[in-house]
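Let's take a walk through a protein structure together, one step at a time. Have the sequence and the 3D view ready, and turn the model as you read.

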Number of protein chains: 2
Amino acid sequence: MTASTLDEHLAVHRRRVEDALAAALPEAAAEGEGDCPERLAAAMRYSVLGGGKRLRPVLCLMAAEACGATWREALPAACALELVHTYSLIHDDLPAMDDDDLRRGRPTCHKAFDEATAILAGDGLLTLAFELVARGVEPADSAVECVRILAQASGPSGMVAGQMADLQAEDRAEAGRDGSAAELEAIHRRKTGALLRAPLEMGAVIARAPEAWREALARYGRAVGLAFQIVDDLLDVEGDEAKVGKRVGKDSGHGKWTYPRFLGVEGSRAKARQLAHEAVAALAPLETRGGRLRELALALLEREC
Amino acid sequence: MTASTLDEHLAVHRRRVEDALAAALPEAAAEGEGDCPERLAAAMRYSVLGGGKRLRPVLCLMAAEACGATWREALPAACALELVHTYSLIHDDLPAMDDDDLRRGRPTCHKAFDEATAILAGDGLLTLAFELVARGVEPADSAVECVRILAQASGPSGMVAGQMADLQAEDRAEAGRDGSAAELEAIHRRKTGALLRAPLEMGAVIARAPEAWREALARYGRAVGLAFQIVDDLLDVEGDEAKVGKRVGKDSGHGKWTYPRFLGVEGSRAKARQLAHEAVAALAPLETRGGRLRELALALLEREC
């Protein structure tokens, strides 16, 4: 462990990710073949470079470092994860989906631009993510494995499945049918969990880590991902609008399923604590190499936004 | 050249693609982690398995064979191309985009299901395409190169850029501003051309073909792609509704840019002929190996739908 605090460590990684994202996104260029139209480039940059915790890319850099690679080797994969995450937010915010006007305290992509541009910006980011992995991850077998992990986590049996299941749960909730914490967990495992586990596995693959480490990191990612979601729900109940940058209480409107609703506030806090400790326990095979990730899991419990 | 006719050859390849697509798409499964929700799977299958010429995958199989690989080696990449093509149709048909009710003679995905499902089905198909390439193309360096080609052809500087430019051209056309054949060609090179060139390049990569063959096939794909688009526009003007399965004349409504509009019907036919001959000429480095692709380029001029 170095002398820097966890917060300093995260801030440095975040800055690296910000710079790499800015460099990876197309610049606005109006016409030529092989260029990105100005409006499309602007919408992509607006959504990706508009803030965010960069949790997925930072997890990827930290996992790669824990397994002995350099953060630089993991940077293209880290950026790809953030592009996939951002595309999913853009599409989820669309009027036909969650119909949100605000994201990170600013107008959502379809409000700042228009619906067609937002759909295409999302499509473009998802596609660009795979291009970044193919161009930036080496050697080739690691790149292929990262493409596979990223696609599986975000595809029709992963994140996209989770969003579909979430929409269907909302329909049922609006029709007055009640759910359970188990059903909610099944949705979150796919909707957010899969793409929070992927960075850990991709980091391990890039570092060519032994299988036992990769499995340990996958278990860590699974527990941390769910803890993160529960804390998110708690913040939504308790939070204040300025801190979280979206309308507080929205998710608890019209009967939407949340952890506090099924487990209560105290029950949710206890569950998040338990998951954070599961995450820490999962890191055992990495011994001291897992120090920063251990700190991060415990710090998630303290987060305010 | 074998004794089968081109039509027979295409029909056999098409059948192989149909079977592989049906096997690659998720089956409907309601609940578990790692499964695809039933409604999402149904929407994806409805759109992919609802007919279509399968031009992109067949081109990929033919290019691989021309360069000495087996069609089987190229099948995962071929399916990936069709998934990307289908996703683009689903999203282009959305109300916020071209707002089409019919596709291949059946209700479009958002009409048969709903808008949210259609957006997610498109997202799922695009993601699954990259998973198919990562899982199915071997060895790893060929898989990585195919991911790169596919992403670049379909991404924010390729197909997505073309759709954005097309929407902007429509806005300008509706505002009464006139365009030119050169501007239309610039749109098509990105909107459809890039994803018609990609199958040829991917086939060459899978066959580990010499660079000269890959370049020849890329030139062929470029010319054939544009010829195909021009014939499409001609069919739209001349075609009959039953044959093409969409409302004829729609594309020439409200001032939409088409080749017949800028070059006239005869001028468009001449341009398509010229491009088909360019395509044939490009195949020279492949010598007799290019026989089937040569036949296909000439046959495109005769197509009726």
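Before we look at any pair of residues, here is one term to keep in mind: a salt bridge is a side-chain nitrogen of Lys or Arg within 4 Å of a carboxyl oxygen of Asp or Glu. Behind the term is a simple idea: side chains of opposite charge can pair when their charged atoms come close. Please also remember that what you see is a predicted model.

The side chains of Glu82(A) and Arg54(A) form a salt bridge, with 2.8 Å from N to O. Glu82(A) belongs to helix 4 of chain A, while Arg54(A) sits in the loop between helix 2 and helix 3 (55-66), so this pair ties together parts that are 28 residues apart in sequence. Are these two residues buried or exposed? Both Glu82(A) and Arg54(A) are buried.

Now move to chain B for a second pair. Here the side chains of Arg208(B) and Asp141(B) meet in a salt bridge, at 2.9 Å from N to O. Arg208(B) is in the loop between helix 9 (181-206) and helix 10 (211-238) of chain B, and Asp141(B) is in helix 7, so the parts tied together are 67 residues apart in sequence. Asp141(B) is partly exposed, with a relative accessibility of 39%.

Arg148(B) has a relative accessible area of 17% and is buried. Salt bridges can also join up into a group: in chain A, a network of them links Glu145(A), Arg148(A), Arg197(A), Glu201(A) and Arg214(A). How many salt bridges are there over all chains? A search of the whole structure finds 37.

Let's step back and look at chain A as a whole. Chain A has 13 helices and two strands. Its radius of gyration is 19 Å, close to the 19 Å that the globule rule gives for 305 residues, so chain A is as compact as a globular protein of that length. Along its principal axes, the C-alpha trace of chain A spans about 55 × 50 × 35 Å. Of the 305 residues in chain A, 58% are buried. The sequence also folds back on itself: among contacts in chain A with a separation of 6 or more, 74% are between residues 24 or more positions apart.

One buried residue is worth a visit. Asp93(A) lies in the loop between helix 4 and strand 1 of chain A, and its relative accessible area is 2%. Apart from its neighbours within four places in sequence, Asp93(A) is in contact with Asp99(A), Asp100(A), Arg103(A), Thr108(A) and His110(A).

Next, look at where the two chains meet. In this interface, 53 residues of chain A are in contact with 53 residues of chain B. The area buried between the chains is about 4,400 Å², and carbon and sulfur atoms give 70% of it. Between chain A and chain B, the count of salt bridges is zero, while six residue pairs are in polar contact. Several helices of chain A each supply at least two residues to the side that touches chain B, including helix 2 (38-48), helix 4 (71-92) and helix 9 (181-206). Which helix of chain A gives the most to this side? Helix 6 does, with 14 residues. Sorted by class, this side of chain A has 27 nonpolar, 12 polar and 14 charged residues. For a view from the other chain, find Glu131(B) in helix 6 of chain B. Glu131(B) counts as buried, at 12% relative accessibility, and it touches Ala151(A) and Gln152(A).

Finally, a few details of the backbone. The peptide bond from Glu138(A) to Pro139(A) is cis, with omega near -5°, and Pro139(A) lies in the loop between helix 6 and helix 7 of chain A. In chain B, the peptide bond from Glu138(B) to Pro139(B) is cis too, with omega near -5°. Arg104(A) has a positive phi of about 50° although it is not a glycine; look for Arg104(A) in the loop between strand 1 (102-103) and strand 2 (106-107).

Conventions. Residues numbered from 1 in each chain as written. Chains lettered and ligands numbered in written order. Predicted model: local features only at pLDDT ≥ 70, side-chain atom pairs only at ≥ 80, totals over all residues. Heavy atoms only, no water. Contact = heavy atoms within 4.5 Å. Buried area = accessible area lost by both parts, 1.4 Å probe. Polar contact = N/O pair within 3.5 Å; in protein donor to acceptor, adjacent residues only side chain to side chain. Helix = DSSP H or I, 4+ residues; strand = E, 2+ residues; numbered from the N terminus. Nonpolar A, V, L, I, M, F, W, Y, C, P; charged D, E, K, R; others polar. Rg over C-alpha atoms; globule rule 2.2 N^0.38 Å. Buried < 20%, exposed > 50% of the residue type's maximum accessible area, 1.4 Å probe, protein only.
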